[in-house]
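Q: Got a model open here. Can you walk me through its pockets and ligand contacts?

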Amino acid sequence: MTEALDTPILYNFRRCPYAMRARLALVSAGLTVEVREIILRDKPDHMLEISPKGTVPVLWLGDRVIDESRDIMDWALAQNDPAGWLDMPTAGNDWIAQIEGPFKSALDRYKYATRYDDVDATEERDTARDILMTVDAQLCHHDWLFGDTPCLADMATITFVRQYANVDRAWFDAQPWSGVKSWLERFLASDQFANIMQKYPRWQVGDPSIYFPDANRSET
Ligand SMILES: N[C@@H](CCC(=O)N[C@@H](CS)C(=O)NCC(=O)O)C(=O)O
């Protein structure tokens with residue numbers, strides 16, 4: 001019988017939008033984890049042992065594995081939610097479902113069109129754009145999706161919007177959606193984003209523990 005770890009272990013990949021949103025929730029909940037940075041083409045044996053599906057993020061609690069980013073967010077915020085991210089209207093869950101489903105599907109086909117048969121990248125780009133445009137007006141009225149502060153619906157989705165914007169930054173910047181653009185800019189300029197994007201060396205068996213968030217950084 002394995003026991004709960006004092007400090008959970010996070011198998012992580014810095015640029016993965018799923019891992020990014022998990023880290024955002026861990027920071028917001030004030031939790032510390034041991035971070036093990038991986039590379040996707042050579043995953044650690046222990047990570048695959050505890051989560052054979054082989055996606056990041058994976059949170060290892062010692063007596064339990066959480067290997068879906070949304071579940072990591074929910075687990076973290078259930079313990080501590082000082083910023084009130086869970087306080088959101090039901091439309092927040094609808095928005096998260098839109099982004100995780102049709103938006104992400106179109107984003108992958110837009111970004112990696114050559115990996116799919118018979119995909120028109122421009123059509124996929126525009127499908128995703130139409131989804132973003134449904135929230136542009138509300139983001140013109142306030143800084144975050146449902147008010148002046150971010151909630152789970154912002155933080156569970158904005159890392160995918162960042163990925164979308166980066167496929168063709170010049171095209172994204174030329175679009176007329178001022179609400180969505182300022183939402184993303186606000187996030188990219190935030191301390192939270194800086195905090196989750198610090199770099200960690202690739203983890204190898206036997207390495208000393210490295211913690212996330214970095215104590216020195218999180219005090220700033
Ligand atoms: N549903 C999963 C998806 C995670 C996911 O697909 N992560 C990608 C990286 S962004 C991954 O690990 N892919 C496996 C691979 O490329 O080998 C979650 O929410 O955690």
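A: Terms before numbers. On a 1 Å grid over the protein atoms alone, a cavity is a set of points where a 1.4 Å probe fits but cannot get out; a pocket is an open set with protein on both sides within 12 Å along at least five of seven lines; lining residues have an atom within 4 Å of a point. Points join across faces, edges and corners, and a volume is the space filled by probe spheres set on them.

Q: What should I know about the model itself?
A: This is a predicted model: local features need pLDDT of at least 70, side-chain atom pairs count only at pLDDT 80 or more, and totals for chains, interfaces and linings use all residues. Residues are numbered from 1 along each chain as its sequence is written, and side-chain values use heavy atoms, with hydrogens and water left out.

Q: OK, what volume does the largest cavity have?
A: About 60 Å³. Its lining includes Val35, Arg36, Tyr200 and Trp203.

Q: And the largest pocket, what volume there?
A: About 450 Å³. It has 20 lining residues, and Arg15, Cys16, Pro17, Tyr112 and Gln163 lie nearest its centre.

Q: Which helix gives the largest share of that lining?
A: Helix 8, with four residues. Helices here are DSSP runs (H or I, at least four residues), strands likewise (E, at least two), numbered from the N terminus.

Q: Where does the pocket lie relative to the domains?
A: Between domain 1 (9-82 + 194-218) and domain 2 (90-189), because both give residues to the lining. The domain bounds come from an automatic or database assignment.

Q: Switching to the ligand. Which residues are around it?
A: Among them are Cys16, Pro17, Lys43, Val56, Pro57 and Glu68. The cut-off is a heavy atom within 4 Å.

Q: What kind of peptide bond joins Val56 and Pro57?
A: Cis, with omega about 5°. Most peptide bonds are trans. Pro57 is in the loop between helix 2 (45-50) and strand 3 (58-60).
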